[in-house]
Amino acid sequence: MDNKFLWGSATAAYQCEGAWNEDGKGLSNWDVFCHSEKNNVNPVTGDVASDHYHRYEEDIKMMAEGGQNAYRFSIAWTRILPNGVGEVNQKGIDFYHRLIDTCLKHEIEPLVTLYHYDLPQKLFEKGGWENRETTDAFEEYAKVCFKEFGDRVKYWMTINEPNYDTLCSYAIGNYPPNVQSLSRRWHAMYHLMLASAKAVNTYRKLGLNGEIGLVSDSYSIEALEDTPAYNQAKKNADLFFNRSVNDVCVYGHYPEQFIQKLVSDGVDTSYMFEEDKKIFQTGTIDFLGINAYDRILVKPYTSGETILTNNNTGTGDGPKAVIKDWFEFDDDPTTEKNPWGMEIYPKSIYDLLLELKALYPTTPVIITENGIGNYDKFINGEIKDPYRIDYLKGFIENMLEAKTKGCDVRGYLVWSTMDLYSWINGYEKRYGLVYVDFDNENQRTPKESYYWYRDFIRNYEE
Ligand code: NOJ
């Protein structure tokens with residue numbers, strides 16, 4: 001990895017590109033879900049989104065003017081292979097060539113995620129991530145991308161958030177396929193991890209000059225009490241959210257205690273083949289991408305069936321979880337929350353980075369996402385978002401403090417580059433450094449936080 005610290009921002013294809021059916025793109029599960037009656041919380045789609053497909057030049061130029069030297073985006077699998085496998089769509093390939101070349105023209109390092117929630121509908125219909133064949137399809141797709149773009153892309157990320165993605169899709173049930181079953185969740189997540197390891201192996205075989213990682217939403221797991229029961233709940237939550245992903249891609253195997261927990265839960269693990277062990281062992285990553293937003297506060301499990309909920313309306317309480325025989329979510333009533341109940345706790349990134357250093361001392365980290373959603377207001381041509389500046393400042397300071405304690409952090413990317421489609425939270429939950437006027441031809445206006453970030457980067461000295 002080269003030495004320059006990466007300061008930038010991030011997006012994902014379905015959330016910002018739009019052009020959902022242009023230039024030969026195939027349908028993804030999100031295209032279909034958003035057009036269905038199941039999309040009933042905020043019934044809007046990513047059909048146009050931030051129109052990044054047509055406005056990427058303006059967006060990248062704005063990043064460069066904002067002092068950013070790195071842009072993380074994802075490739076829409078369905079633009080490259082409209083059916084998930086087989087026929088390659090040249091126009092889709094051409095788009096990402098243009099995107100990458102525009103980044104390089106502006107001296108912006110492209111960091112490319114291969115899979116960020118949007119699965120080709122053709123694969124989704126055949127069982128999606130619960131079907132082992134999807135792991136082979138992903139390997140095929142990854143290979144096409146490595147060969148096309150691997151000469152210029154030096155940072156690859158296989159999968160975005162195996163934990164949160166499967167939690168929403170298979171446990172909370174608010175993302176397609178809207179299932180509520182932890183055992184199905186573990187099945188899908190296993191295949192995501194396997195797909196990642198397969199892609200890493202393919203990348204190594206091609207002998208390209210670059211680094212490959214995975215993006216893990218990881219959390220500092222904390223408790224309000226220090227008792228054996230609370231400490232056990234913390235350990236369980238760490239396995240549940242963090243180590244079931246991070247151990248696998250860093251060390252190449254599942255933690256023994258995690259497998260034991262699945263067995264004692266009665267989860268059928270017959271899909272974990274013996275031959276996969278070698279794939280995991282050889283498919284370990286070069287860096288860990290970390291999406292860091294908040295900590296997780298837990299308490300011991302007491303009673304009741306497993307239940308997980310999220311706040312997707314921007315009113316009411318935060319996320320809730322009772323995971324039978326594992327842990328329950330706790331709440332600290334004294335801390336500040338955003339309207340979706342996300343706790344604002346900047347020290348969590350410091351605690352997390354130190355924890356990652358202890359567990360994976362030789363693995364570099366890139367903060368691939370950090371940011372805060374809010375109801376930003378466009379008033380008299382300006383967007384004042386002091387809450388975002390405070391949040392980013394707090395997280396960056398804590399990250400830099402961890403760096404001085406020896407944590408090998410190589411980059412930091414704000415979520416998000418501009419406002420975009422926040423999955424089923426819709427468009428009102430804005431994260432961007434740049435405001436997008438969705439009702440007015442998607443016009444861009446930098447927010448106060450954009451200028452703050454620009455000045456911060458300008459003054460940063462390593
Ligand atoms: C993480 C996900 O990667 C991204 O797609 C999402 O919009 C942000 N979190 C904000 O919730």
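**Cysteines and a ligand pocket**

Okay, let's start with the cysteines: the disulfide count here comes to 0. Keep in mind that what we're looking at is a predicted model.

Let me walk you through two of those cysteines. Take Cys145, which is in no disulfide. How far away is the nearest cysteine sulfur? For Cys145 that sulfur belongs to Cys103, and it's 15 Å away, while a disulfide needs the two sulfurs within 2.5 Å. And is Cys145 buried or exposed? It counts as buried, because its relative accessibility is 0%.

Then there's Cys407, also in no disulfide. Its nearest cysteine sulfur is the one in Cys249, 17 Å away. Cys407 is buried as well, with a relative accessible area of 6%.

Where does the ligand sit? You'll find it in the largest pocket.

Gln15 has a polar side-chain atom 2.7 Å from an oxygen of the ligand. With His116, an N or O atom of the side chain is 2.8 Å from a ligand oxygen. And for Asn160, the distance from a polar side-chain atom to an oxygen of the ligand is 2.9 Å.

So how much of the ligand's accessible area does the protein cover? On its own, the ligand has 300 Å² of accessible area, and the protein covers 89% of that.

To recap: we have 0 disulfides, Cys145 is buried, Cys407 is buried too, and the ligand sits in the largest pocket. That's it from me, thanks!

How values were computed
Residues numbered from 1 in each chain as written. Predicted model: local features only at pLDDT ≥ 70, side-chain atom pairs only at ≥ 80, totals over all residues. Heavy atoms only, no water. Polar contact = N/O pair within 3.5 Å; in protein donor to acceptor, adjacent residues only side chain to side chain. Areas by Shrake-Rupley, 256 points an atom, 1.4 Å probe, with all protein chains shown as cover. 1 Å grid on protein atoms, 1.4 Å probe; cavity = no way out; pocket = protein on both sides within 12 Å on 5 of 7 lines; lining within 4 Å. Sits in = over half its atoms within 2 Å of the grid points. Buried < 20%, exposed > 50% of the residue type's maximum accessible area, 1.4 Å probe, protein only.
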